[in-house]
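Student: I have a model open and want to learn how to read it. Where do we begin?
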Amino acid sequence: MALQPEEITRIFLQDGAAQYGGEAVTQLQHALQCAHLAELSGAGPELITAALLHDLGHLLSTKTEVQSQTEDDVHQYIAIPFLRGVFPDAVIEPIRLHVDAKRYLCMADAGYWAALSPTSQRSLELQGGPFSPEQAAAFIERPYATDAVALRRWDDQAKNPAATPPTWVHYAALMRRACLQT
Ligand code: FE
């Protein structure tokens with residue numbers, strides 16, 4: 001079931017031209033921009049790779065565009081079984097937690113919700129809405145929660161149709177460096 005970096009590359013280059021939800025960028029552009037923002041922030045190969053692959057679940061999901069407007073596609077979990085055994089927790093956990101990080105930020109950061117795109121505000125409701133103060137306090141104690149929050153902020157910014165991040169080849173090399181050494 002595990003996907004090797006070459007297979008992940010094939011999926012993004014074949015299917016990444018799909019639009020990223022209701023946003024003005026494709027899945028591939030969104031992934032590259034998110035990875036670039038991580039790189040510019042000084043993140044290491046693992047967190048850059050998490051940023052690159054955080055929405056791989058959208059490309060693996062069998063749900064249609066219409067279905068995902070009315071049901072949570074749980075895309076943060078779909079990719080996880082495909083990444084286990086290939087990548088360390090430092091890649092996998094921020095991906096798994098990046099939707100919970102949005103729910104956390106809606107509670108912890110007063111201006112966060114209003115700055116989300118309309119598409120992201122809509123999906124938040126399907127994803128369970130903002131965390132309560134107790135849920136937020138428990139979330140941020142979890143391993144890799146702060147990495148997931150950082151990823152989430154890059155994710156929210158990575159929707160700029162005019163951005164010109166480096167190409168897939170650059171991030172594929174970082175992705176290979178982030179793999180478990182077998
Ligand atoms: Fe995303």
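Predicted model: local features only at pLDDT ≥ 70, side-chain atom pairs only at ≥ 80, totals over all residues.

Student: At what angle do α2 and α13 cross?
Tutor: Roughly 130 degrees, with their axes coming within 8 Å. α2 and α13 are therefore oblique to each other. The crossing is right-handed.

Student: Which residues make the contact?
Tutor: α2 supplies His30, Gln33, Cys34, Leu37 and Ala38. α13 supplies Leu151, Trp154, Asp155 and Gln157. By type, the contact has five nonpolar residues, three polar and one charged.

Student: Which residues are the protein donors of the iron ion?
Tutor: Tyr20 (OH), His30 (NE2), His54 (NE2), Asp55 (OD) and Asp155 (OD). They lie 2.1 to 2.3 Å from the iron ion. Their spacing in sequence reads Y-x9-H-x23-H-D-x99-D. Tyr20 sits in the loop between α1 and α2, and Asp155 in helix α13, so the pair ties together parts 135 residues apart in sequence.

Student: Are Tyr20 and Asp155 buried or exposed?
Tutor: Both Tyr20 and Asp155 are buried.

Student: How many residues of α9 are buried?
Tutor: Nine of 11, so read against the cut-off of under 20% relative accessible area, helix α9 (residues 98-108) is mostly covered. Among the buried ones are Lys102, Arg103 and Tyr104. The buried residues of α9 pack against α6, α8, α10, α11, α12 and α13.

Definitions and conventions:
Residues numbered from 1 in each chain as written. Heavy atoms only, no water. Donors = N, O, S within 2.8 Å, 3.2 Å for Na, K, Ca; no water. Helix = DSSP H or I, 4+ residues; strand = E, 2+ residues; numbered from the N terminus. Buried < 20%, exposed > 50% of the residue type's maximum accessible area, 1.4 Å probe, protein only. Axes fitted to C-alpha atoms, helices over the stretch in contact; angles between N-to-C directions. Parallel < 35°, antiparallel > 145°, perpendicular 65-115°, else oblique. Left-handed = near helix turned anticlockwise from the far one by under 90°. Contact = heavy atoms within 4.5 Å. Nonpolar A, V, L, I, M, F, W, Y, C, P; charged D, E, K, R; others polar.
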